[in-house]
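Reader: I have a new structure to look at. Can you take me through it, step by step?

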Amino acid sequence: MRFLLLSCCAPCSCAVIKLLAEEGQDFAVVFYNPNIRPEQEYRKRADENKRLCTLYDVPFIELEYDNERWCKLTAGLENEPERGKRCDVCFYMRLKRVMEYAKDNGFEAVASVLGVSRYKDLAQVNRAAAKASAEVGIPYLEIEGRKGGRQELRAQLIKELALYNQTYCGCKPR
């Protein structure tokens, strides 16, 4: 099955990308993160994700940087805590856009690493994905990025590959 893997950043996705590539999975990494601010930070993360994909010979797709749209959708949610309502909107927006891209470009499913960080709620990501999947008609593949030694592998790869490891999720509300 040919699928897209939505990546938020190289540190969160490195172990998953490495393992999927080693398994010979038919996938491409897609970078759609209009929540990342400022734009210079977005560029650093996109470039690092692309570098990681090149290392593992995985196709890399970068969609538009539409921070203005993200800001409009999350207006009024600036003071929400991590894992709050702003995250619901953000995950849904990004997953739906990637599913639309997948549908238009011959991919059969979408997966993500949006719930890999310990600061994120995997169930929240999966709920947003289920909603987007039902609307777009593209299946969502739930990927576990924390268990089964993946967290340890992730920490090892961050060091080994000297990955740029940011200090915040991406959104810095206005």
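Reader: Which residues line the largest cavity?

Author: Keep in mind that this model is predicted. The count comes to one cavity of 30 Å³ or more. Its volume is about 30 Å³. Its lining is made up of Cys87, Cys90, Phe91, Arg94, Lys120, Cys169 and Cys171.

Reader: How many nonpolar, polar and charged residues are in that lining?

Author: Cys and Phe count as nonpolar, while Arg and Lys count as charged. Sorted by class, the lining has two charged residues, no polar ones and five nonpolar ones.

Reader: Where on helix H6 do the buried residues sit?

Author: Helix H6 covers residues 150-160, and its buried residues are Leu153, Arg154, Leu157 and Ile158. They span an arc of only 135° around the axis, so they lie on the same side of H6. Glu152, Lys159 and Glu160 are exposed on the other side. The buried residues pack against helix H1. The place asked for is the same side of H6.

Reader: Is the ring pair of Phe3 and Phe27 stacked or edge-to-face?

Author: The whole structure holds four aromatic pairs. In this one the ring centres are 5.6 Å apart and the planes meet at 20°. Planes under 30 degrees apart count as stacked. So the pair of Phe3 and Phe27 is stacked.

Reader: Is Phe3 buried or exposed?

Author: Buried means under 20% relative accessible area. Phe3 has 4%, so Phe3 is buried.

Key. Residues numbered from 1 in each chain as written. Predicted model: local features only at pLDDT ≥ 70, side-chain atom pairs only at ≥ 80, totals over all residues. Heavy atoms only, no water. 1 Å grid on protein atoms, 1.4 Å probe; cavity = no way out; pocket = protein on both sides within 12 Å on 5 of 7 lines; lining within 4 Å. Points joined across faces, edges and corners; volume = space filled by probe spheres on them. Buried < 20%, exposed > 50% of the residue type's maximum accessible area, 1.4 Å probe, protein only. Helix = DSSP H or I, 4+ residues; strand = E, 2+ residues; numbered from the N terminus. Arc of directions from axis to C-beta. Contact = heavy atoms within 4.5 Å. Phe/Tyr/Trp six-rings, centres within 6.5 Å; stacked < 30°, edge-to-face > 60°.
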